[in-house]
Amino acid sequence: MVLNWMDEAPRRVYGVLALVCVGLLAFGLYLQHVVGLEPCPMCIVQRYALVLVAVCAALTGASGRKGLHIAGGVLLVILSVLGAYVAARQSWLQWYPPEVVSCGRDLYGMIETFPLKRALPMIFRGGGDCSKVDWTFLGATIANWSFLCFCGLALVGSLQTWRSLRRA
């Protein structure tokens, strides 16, 4: 049933993938601004990867051409695998934390040390310790869940691309 839906409505599949990415980004912003968790540099990179996957999925879904569905699907898989790599690396750091933390500076330290034109780009890199576990759900950290979500996105993107290639 699901595979038939993927064949009949590939544009909707890409739209759903884009919405999933937007939902994950919204949850990350909720954790940052409502719960008060400071994102680390690796979290920021994962957010960028989610934004790129969402844009890729949305643009691919907006197109009705099979060739663009295949190219967009391949790009979506590559971006998802890169995001999964960063999440896996962060999970590794959380399981085996280094003796010396060197993941980034805090906001106050950046503004105090650097002029504003140098501090602003640093703010968007995030702050905090990438090996620190701030939040868990069902025993898994944010990085663990992010890894699973990126793997799911890559899996659905791979399946959709393979089915598009088979139809072409």
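Arginine 47 lies in helix α3. Helices here are DSSP runs of H or I with at least four residues, strands are runs of E with at least two, and both are numbered from the N terminus. The structure is a predicted model, in which local features need pLDDT of at least 70, side-chain atom pairs count only at pLDDT 80 or more, and totals for chains, interfaces and linings use all residues. Residues are numbered from 1 along each chain as its sequence is written, and side-chain values use heavy atoms, with hydrogens and water left out.

Arginine 47 touches Leu25, Gly28, Leu29, Gln32 and Pro39, not counting residues up to four places away in sequence. A contact means heavy atoms within 4.5 Å. Arginine 47 and glycine 83 are 36 residues apart in sequence, yet their C-alpha atoms are 8.5 Å apart in space.

The protein has seven helices and two strands. Along the sequence, they follow the pattern α-α-α-α-α-α-β-β-α. Of the contacts with a separation of 6 or more, 78% join residues 24 or more positions apart. Buried residues make up 40% of the 168 residues. Buried means under 20% relative accessible area, exposed means over 50%, and partly exposed is in between (1.4 Å probe, protein chains only). The accessible surface comes to about 10,100 Å², and 69% of this surface belongs to carbon and sulfur atoms. Accessible areas come from the Shrake-Rupley method with a 1.4 Å probe; for residues, only the protein chains shown count as cover.

Helix α2 spans residues 10-35. This helix has 26 residues and reaches 36 Å from its first C-alpha to its last, close to the 38 Å expected at 1.5 Å a residue. The expected span is 1.5 Å times one less than the number of residues. Several residues of α2 are buried, including Pro10, Tyr14, Leu17, Leu25 and Leu31. An α-helix has 3.6 residues a turn, so residues three or four places apart point the same way. Just after α2, glycine 36 takes a positive phi of about 95°.

Cysteine 21 is found in helix α2. Cysteine 21 counts as buried because its relative accessibility is 0%. Beyond its neighbours within four places in sequence, cysteine 21 is in contact with Leu50, Val53, Ala54 and Leu153. The C-alpha atoms of cysteine 21 and alanine 57 are separated by 9.2 Å, although the two residues are 36 residues apart along the chain.

Valine 20 also belongs to helix α2. Valine 20 has 40% relative accessibility, so it counts as partly exposed. Valine 20 and leucine 50 are 30 residues apart in sequence and 9.5 Å apart from C-alpha to C-alpha.

Valine 34 sits in helix α2 as well. Valine 34 counts as exposed because its relative accessibility is 57%. Together with Phe27, Tyr30 and Val35, Val34 forms a nonpolar surface patch with about 370 Å² of accessible area. Patches are made of residues with over 30% relative accessible area and no salt bridge; like charges are joined within 9 Å, and nonpolar side chains (Val, Leu, Ile, Met, Phe, Trp, Tyr) within 5 Å. A salt bridge is a side-chain nitrogen of Lys or Arg within 4 Å of a carboxyl oxygen of Asp or Glu.

The protein averages a pLDDT of 77, and 71% of the residues score at least 70. The pLDDT is the predictor's confidence in each residue, from 0 to 100. Confidence is highest in helix α3 (residues 41-62), at a mean of 87, and lowest in helix α5 (residues 107-113), at 53. Over residues 104-108 the pLDDT is below 50; this stretch has eight contacts in the model beyond near neighbours in sequence.
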